Amino acid sequence: MTVRVPEHERLSLGNGVTLVLMPRREVPLVAFNAVLRGGALGDPASRPGVASLVAGLLEKGAGERNAYAFADVVEGVGGSFGGGAGPEAITVRGQFLARDQGLMMELLADALLRPMLDQGELEDLAGRHIELIRAAKDSDPAELIGTYGRALLFAGHPYGRPTFGSEASLAGIEREDVQRYYDGHFGADRLILVLAGDIDADLLARSATASFSRWPPASAPVPLPPRPRALAGRRVLLVDFPGSAQTYFWIGNVGVDKRYPRRAALELVNTLFGGRFTSLLNTELRIKSGLSYGARSGFVRGSVPGEFALRSFAQTENTERALRLALRTLARLRAEGVGAEMLESARAYVLGQYPLGLETAADWAGMLGEIELYGLGRSYIDDYPAQLAAVGVQEAQAVIEEAFPSGDSVAIVAIGDASRIRSVVAAFGPLSEMALTDPEFSPAWAAGDELRP
Amino acid sequence: MSGREAVRAATLANGMRVIVWPVHDIPNLALSNWVRAGSRNETPGVTGLAHFFEHMMFNGTSRHPPGDFDRLMEAQGGANNAFTSDDVTVYQDWFPAGALELVLDLESDRVAHLAFTPEVIERERGVVASERRLRVDDNSHGLLAEQVQATAFVAHPYRFPTIGWPADIRSWRIEDLQAFYRTYYAPNNLTLVLAGDVDAERAIALARRYFEPIAAQPPPPPVRAIEPEQLCERRLLIRRKSQTPVLQCAYKAPRAADPRGPAVSLLLGVLVEGDASRLHRALVEERQLAIEVSGHWQEGFDPGLLWLSLMLPAGADPEEAIEALDAELTAVATNGVTEAELERARNLATVGLWKKLATIDGKAQLLGEYEVFHGDWSALFDAPARIAAVSGEDLQAIAREVLDRRRRTLGVLTSAGS
């Protein structure tokens, strides 16, 4: 027994809006997922964070309701409503009790079609986002390490820009940036709207048609990212975190895209390398050596290749040992590949685990949005078990060569106490350095001597 | 709810409780095995032992060498994790239905036959030390919370950090571990919950086959400490190299099984849940003294803490935030809450419950919580009615009692330079 895409209805409203309706009646909740193509790729190169602020502002006043009235009505019925920006889309998601689905549609239409984008709300939100980045540096620097990693790896490419913005960029974003983004990147041709759960499909289809069928298309073309070039050789960034107890590190290079044909093999190999507890990486850095609480790896796949990256951390005095061990483990994967028995175990694991991510109406609203955004089709789910079943050792080897970098060509970020680890990390490649408190995610931008890519 | 009729429960001959909720939406099962042992059961010098056990339980038995537990489970499609609190240690597995027998075999094996290998213990000490550096030493919130909790209690073991004090992590002896294991990892101290794609009678029969042969032990010694009445506010200030100050208030609060529990939860809902909550609106939106407010009630076997946490912007004056916070809390205690606020908190709690019930993992978690902390899994199905029954007067009464400055511990973490 396995998971297949449940019955659902897919409608095109004629003006470019895609509407997906999926009834699921396990609990009396309805979930929505509004995906607006564009995302942070639509940010001006000099001001990352605009799309993120637009996404946050949608609920800060829309239609006849100001920010307080909007929150009062959403939470008053126990609902949730929130937007965020990814590299390629803004997503607005929420859940309501089934009895409030009419209200949910009204709020969603107001937020997407009639947001106030109020000046005062913008200043408050941008200010709070700046402080949230500072707070993350104080309490969870590892959470930000991917942002530093992408800035280093994708320098000059839009994937290198922080989708959430940086302290410096957020401080410079003005209302006209936000308005320009909204005018350019919101419109019927950009919208994928998924409604799932204990829904009245006819009612919601009528409501969505009434609200969105006369929406004109967005005025700007859909921003498309160029294909990034993989890094040749090494680059090392040291982010100084004085007094830190351990060093947090990230090692990555350009990986593969969403439509990568060997997706099943990729998932299996990454599961074995750094995707589960007994993975090669976690076995070396945690289970066998006790150096770290954990080590993981993963791929970010967009319409063009995002990054492959591994990440872990170790006590400051073990920085060199841990970095060498991580690179040696990557080299071992490339030299030795994976055996048939390992592959069999990974196959059982992936088949056994992925249904748990496709359990609720909200899970399906997310997945169907992704399938529509990248044009993947329902076979992305329905044929996945058969694809997993077909992966052999040779295909796994091909994936290792295509998608996993050589340790000689990687970007390395280390967040730690520079006074104690500078010479250690400098031995891994050409070094650049910045402070954790710098308001940017790249030393080049922080110094202001190079235009932000 | 149709759940009450679907759930089956049994008590094995050795005293172990087994609860099963069959649900067939996905071909998987969620298991949680609740051990009534947490940092509450520790003593000075061996703090962190319950949490260390959570790690050791994955590290080999007399039948399976270290690594087998994860290797065998993952090879049949299962994943696992565990967590430790002040009160309990909970082992969780998520797996395809076909792996049920293997999972029960592995789970019972580590309850019956755990191995204590010196090299393995040493290595795991390193892992826990790394976890502590991540969660406490390099983390403003973790560092402050540990000190606030240690200050809030003077007699009760709730003062111990669950991860353990650094010196204790370095010094546990094998005898400490063996004694803890014998006492707490006894079937009569366990509650096993399964939710998912299984027939209830078959699941209970399998649980009997694997767990019933394990002998019961004398019940663990009761925790007799009772925290004396707190007589005055306690304050502490930590200076750490950081940009954003953190403020945490820990109020003495009832235990999980207290009949006023739903009122405590709804009070938190009124205060901190969502952008329309009292404290978010007043402190984050209106006065911009904080960038985020949050709160939680530490629901345990004994009276614990209700926490309110504020993240402040860089350069903020914590005293100004404390003053504004106190003004809001006083207003709630003095004037109560509006009908709209109560309704909002009730609806958020109801939706929150449904969201958890939408997954097999949430179902297993909730059944375990109700069975362990309320003594009866079926009380879960009364939760909506109990939420609906909370009145404005109930909320004001609990606010008056709990939000009492004399019974709070207030911690501030601020920049080393300021």
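Strand β5 of chain B (residues 89–96) is largely enclosed by the rest of the structure, because 7 of its 8 residues are buried. A residue counts as buried if 20 or more other C-beta atoms lie within 10 Å of its own, as exposed if 12 or fewer do, and as partly exposed in between, with C-beta atoms placed from the backbone. The model is predicted: local features need pLDDT of at least 70 and side-chain atom pairs count only at pLDDT 80 or more, whereas totals for chains, interfaces and linings use all residues. Residues are numbered from 1 along each chain as its sequence is written, and chains are lettered from A in the order in which they are written.

**Strand β5 of chain B and its partners**

- Helices (H or I, at least four residues) and strands (E, at least two) are DSSP runs numbered from the N terminus, and two strands pair if DSSP finds at least two bridges between them.
- Strand β3 of chain B (residues 28–35) runs antiparallel to β5(B) and is joined to it by 8 bridges; here B:Val35 stands opposite B:Thr89.
- Strand β4 of chain B (residues 79–84) is also antiparallel to β5(B), with 6 bridges between them; B:Asn81 has B:Gln92 as its bridge partner.
- A hairpin is formed by β4(B) and β5(B), with 4 residues between them.

**A:Ile287**

- A:Ile287 lies in helix α10 of chain A (residues 280–288).
- This residue is buried because 21 other C-beta atoms lie within 10 Å.
- Leaving aside neighbours within four places in sequence, A:Ile287 is in contact with A:Asn282 and B:Gly67, contact meaning that the C-beta atoms, placed from the backbone, lie within 7 Å.
- The C-alpha atoms of A:Ile287 and A:Arg65 are separated by 54 Å, and the two residues are 222 residues apart along the chain.

Terms used: Contact = placed C-beta atoms within 7 Å.
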